[in-house]
Amino acid sequence: MPSKPQSRAPRIDPRYACFPIFLRRSPIHRYGVYAGRSIPPRRKVIEYTGELISRKETKRRGLGPRTYLFTLNNYWTVDGAVGGSGAEYINHSCEPNLRAWICKNHILYMSKRKIARGEELTVDYNFPRDIGEVPCRCGSFKCRGSINLL
């Protein structure tokens, strides 16, 4: 039987972070992840980890009020709520400073540009259009108003 998501205090697992990063409240959504020092462009910042679950289990877990699901491929999803590295707390932005890169079944968050110390780390979630529209609160000048791709 698959594990159930466990509730725990938000944290960063330093085994998966390549730079000092920390959690605190975010104006975007609940908690956010922040750079503890300047991060150069094109660098691995953190790996998104968690329990590997099937599409069927993804559908079941995706019904909750807060989910930390990242699609790995056509069958597998990583649930950051179970064994997550802390990358699951990186919020969406329409003008992100990170990009997701999937390499050999690992989800890596890479810096797109230089990130200043204290800056919130963000990534474009790229939610598909065919799911319910999710409003965006990123506050970016280029905000498209929705986390979903238009």
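Reply: Charged pairs and their surroundings

R113 is partly exposed, at 37% relative accessible area (buried is under 20%, exposed over 50%, partly exposed in between, with a 1.4 Å probe and protein chains only). Its side chain meets that of E119 in a salt bridge, 2.5 Å from N to O. A salt bridge here is a side-chain nitrogen of Lys or Arg within 4 Å of a carboxyl oxygen of Asp or Glu. E119 is partly exposed too, with a value of 22%.

A word on the model before going on. It is predicted, so local features need pLDDT of at least 70 and side-chain atom pairs count only at pLDDT 80 or more, while totals for chains, interfaces and linings use all residues. Residues are numbered from 1 along each chain as its sequence is written, and side-chain values use heavy atoms, leaving out hydrogens and water.

The structure holds eight salt bridges. In general, side chains of opposite charge can pair when their charged atoms come close. Take R144 and D124, whose side chains meet at 2.7 Å, N to O. They link distant parts of the chain, 20 residues apart, and each lies in the segment after β10. R144 is partly exposed at 24%. D124, at 17%, counts as buried.

Now R61 and D79. Their closest N and O atoms are 2.7 Å apart. R61 sits in helix α1 (residues 55-61) and D79 in strand β6, 18 residues away. Helices (H or I, at least four residues) and strands (E, at least two) are DSSP runs, numbered from the N terminus. R61 counts as buried because its relative accessibility is 8%. D79 counts as buried because its relative accessibility is 2%. The pair belongs to a network of salt bridges that links E51, E57, R60, R61 and D79.

Three bridges join β5 to β6 (residues 77-79), and the two strands run antiparallel. Two strands pair if DSSP finds at least two bridges between them. The open sheet has three strands in the order β4-β6-β5, with antiparallel pairing. Its edge strands, β4 (51-53) and β5 (69-71), each pair on one side only.

E120 brings in another polar side chain, that of N91. The two side chains make a polar contact of 2.9 Å (a pair of N or O atoms within 3.5 Å; within protein, one must be able to donate a hydrogen and the other to accept it, and residues adjacent in sequence count only if both atoms are side-chain atoms). A polar atom of the N91 side chain also lies 3.0 Å from the backbone oxygen of Y31. N91 lies in strand β7 (residues 91-92). With a relative accessible area of 5%, N91 is buried.
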